[in-house]
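Open the model in your viewer and follow along. Each stop gives you something to select and tells you what is there.

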Amino acid sequence: MLTRSTLERILDILDLIRINQVQLYMEHAFAYSGHDASPLTA
């Protein structure tokens, strides 16, 4: 699992090589009522 510190390190490295766009994709990102597909919770 990606931790915040790992993400920050990745972003720092991308900044060094002048990459200025990052897109994160999370499937089943939030627990909506009636949705039972192993979502994350707040």
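Predicted model: local features only at pLDDT ≥ 70, side-chain atom pairs only at ≥ 80, totals over all residues.

Residues are numbered from 1 along each chain as its sequence is written, and side-chain values use heavy atoms, with hydrogens and water left out.

Now select helix 1. Helix 1 has 13 residues and reaches 19 Å from first C-alpha to last, close to the 18 Å expected (1.5 Å times one less than its number of residues).

Next, show the side chains of Arg4 and Glu8. They form a salt bridge, with the closest N and O atoms 3.0 Å apart. The count comes to one salt bridge (a side-chain nitrogen of Lys or Arg within 4 Å of a carboxyl oxygen of Asp or Glu). The two residues are four apart in helix 1, so about one helical turn separates them. Arg4 is exposed at 67% relative accessible area; Glu8 is partly exposed at 39% (buried is under 20%, exposed over 50%, partly exposed in between, with a 1.4 Å probe and protein chains only).

Move on to Val22, in the segment after helix 1 (4-16). Val22 is partly exposed, at 40%.

Finish with the whole chain. Of its 42 residues, 0% count as buried.
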